[in-house]
Amino acid sequence: MSEGSIVEQGTHEELVDRKGAYFQLLEAQKLAGIPTSKTTPGSHLDTSPEEVFSELSAIHSQSTTIKKTTLAPTKTFTKKSEQGPQTDQPEPQYQYSLWALIKFIANLNRSEMGIMLIGLFCSIIGGTGVPLQAAFMGKEISALSLPSEHYSKLRHDVNFWSLMYFVVGIAILAAYSGQGVAFAYCSERLIFRARSRAIRAMLRQDIAYFDLPENSSGSLVSMLSTDVTNLAGISGAILGAILNAITTIVIALTLSIALSWKLGLVCSTAMPVLIACGFLRFWIQGQFIKQGRTAYQASSSYACEATAAIRTIASLTREEDVLESYHSMLVDQSSKTFRETLQSSLLYAASQAGMLLAAALGFWYGGQLISKDEISIQDFFICYGTIIFGAQSVGGIFSYAPDMGKSKQAADSIKTLMDRVPEIDSWSDIGTQLDNVEGSIEFRDVKFSYPTRVAQKVLKGVNLSFKPGQYVALVGPSGCGKSTIISLMERFYDPTTGSIFLDGRNISQLNLREYRSQIALVSQEPVLYSGTIRENIMLGTEAEVGDHEVVRACKDANIYDFIVGLFSSNSFHSKIDDEIDLSSVWTRHCCWLKRCHVVRRSKAAGGYRTSIDP
């Protein structure tokens, strides 16, 4: 096919005899100047890996294209290398205590310590709100209980304590506002600093780190977007809420016991019940949310798959089967969800009843003391209100429990990332600096296995020699180690055994950044970044480069006419993402070649496919 129409059709032999487009495609795959053995149709299907390797070795021995190149071919083809990742050497697991994680987060917020102290002070002020409210309520009730002949005193006391309510309300408003602003600022700075250091730590890691299944692109992006945000769960806002609750409990116990130690002690026995009720209330609400997310996850996934494959379902007329399967999944899930909801509802009912039972205990024992003239009505309401209302408000602190759990997990993963020092450290200043590079590269008995597949040998004693100014092509089937050799040259990995030398110096002893600056790599799948064409070409340059050098690099890469043809002016300032389409592999390779020309490296390494995509 070509441009959406049929060019030729027939059997393999008929199309070869016509010597048309199909024959030209076959000829394009042959290496120029290398005789090919006559094969019968379909004979390549029965070719074993050993025969493929023998044929490639024969081709190499007959080739005269690359002269004076020392090459000792080593059989590296293995079907086992096509298996999935096998992590034979797991990453070391760091274990951090809660105190270590709190210190880690505090260190990230060290610059905002003064603002955080202001927020903590405001939290203490806010914690006095409930006890003061209970005390003023007792005073109000005592004033309202005065007889009518003392109306003037009643009016005066009610007005005064109402004013105190208003003053306390203004103070609490200011305290919580200051707490919110201070902790919000500290949290934003914490998230900013943690995200910045996390991406720096990721960029520092070696390639072996990204080969691990747990370090996939989705996991790392989730760490930057979700885990970093969850760090706020152990930050100043949570500490402020805890300090607020502690202040409320301490003042409530102190005030109630000071007024009536009997009633204070009896009401304090109900405090654990009230706190537990608060915990159950928020925990059950969280369970309801969790059930709502996961209840119909399987059926939703099934429906999504069915709609995605609707053409197949329609062609096989299986709509009724899909509907019956989906309905049965809903029925099973409904019965399971009903049982879980019933259990959660009973616990929620118990938590609500617990608060009323604690209140009944306080009123009953308080009535006993009042009947014996051991306590006044005013003192009763103050003691009762501070303990009961204070415990109920403290129970709300458990609403932060899920955030604290997420924060601990997030802090653990981020600290593990930041503490990890890669074996191939691009930030390290250790190593010999390169003053003059000629470009001679030599592999000496290099053996290599990927860290995730230690048992599978990719390279088995490879010996290669690349001379300055020489063009070398590595030819072989997929999985034989061509890209692996390029990765070892770039020192993405270190050989398992053997050494690689640049101008007679072991590359493992050279400064990594300086060494990589001498190599330009055009990979199989070049990446173009959002921005202008000129910005993409200039990536990697350390000095300012003039437009004439950019134009010359484009002409050397044979893409200048292509770019200029798209726009009459300002072609190099065109946005790749919205104005110009450079999505094809050829144009991306050309852009990378231009980048190599501009950077003017002393060596170019390229990894290319050996097969042609259909």
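Colleague: What should I know about the numbering and the model?
Modeller: Residues are numbered from 1 along each chain as its sequence is written, and side-chain values use heavy atoms, with hydrogens and water left out. The model is predicted: local features need pLDDT of at least 70, side-chain atom pairs count only at pLDDT 80 or more, and totals for chains, interfaces and linings use all residues.

Colleague: How many helices and strands are there in the protein?
Modeller: Helices (H or I, at least four residues) and strands (E, at least two) are DSSP runs, numbered from the N terminus. On that basis the protein has 23 helices and 7 strands.

Colleague: Is glutamate 112 buried or exposed?
Modeller: Glutamate 112 sits in the loop between helix H4 (98–108) and helix H5 (113–127). Buried means under 20% relative accessible area, exposed over 50%, partly exposed in between (1.4 Å probe, protein chains only). Its relative accessibility is 5%, so glutamate 112 counts as buried.

Colleague: Which side chain makes a polar contact with the side chain of glutamate 112?
Modeller: A polar contact is a pair of N or O atoms within 3.5 Å; within protein, one must be able to donate a hydrogen and the other to accept it, and residues adjacent in sequence count only if both atoms are side-chain atoms. At 3.0 Å, the partner of glutamate 112 is the side chain of asparagine 109.

Colleague: How many nonpolar, polar and charged residues are in the contact of H5 with H7?
Modeller: Contact means heavy atoms within 4.5 Å. Residues of H5 including Ile115, Met116 and Leu120 meet residues of H7 including Ile172, Ala175 and Phe183. Ala, Val, Leu, Ile, Met, Phe, Trp, Tyr, Cys and Pro count as nonpolar, Asp, Glu, Lys and Arg as charged, and the others, Gly among them, as polar. The residues of this contact divide into 12 nonpolar, 5 polar and no charged.

Colleague: Is arginine 491 buried or exposed?
Modeller: Arginine 491 lies in the loop between helix H18 (482–489) and strand S4 (497–502). Although not a glycine, arginine 491 has a positive phi of about 60 degrees. With a relative accessible area of 9%, arginine 491 is buried.
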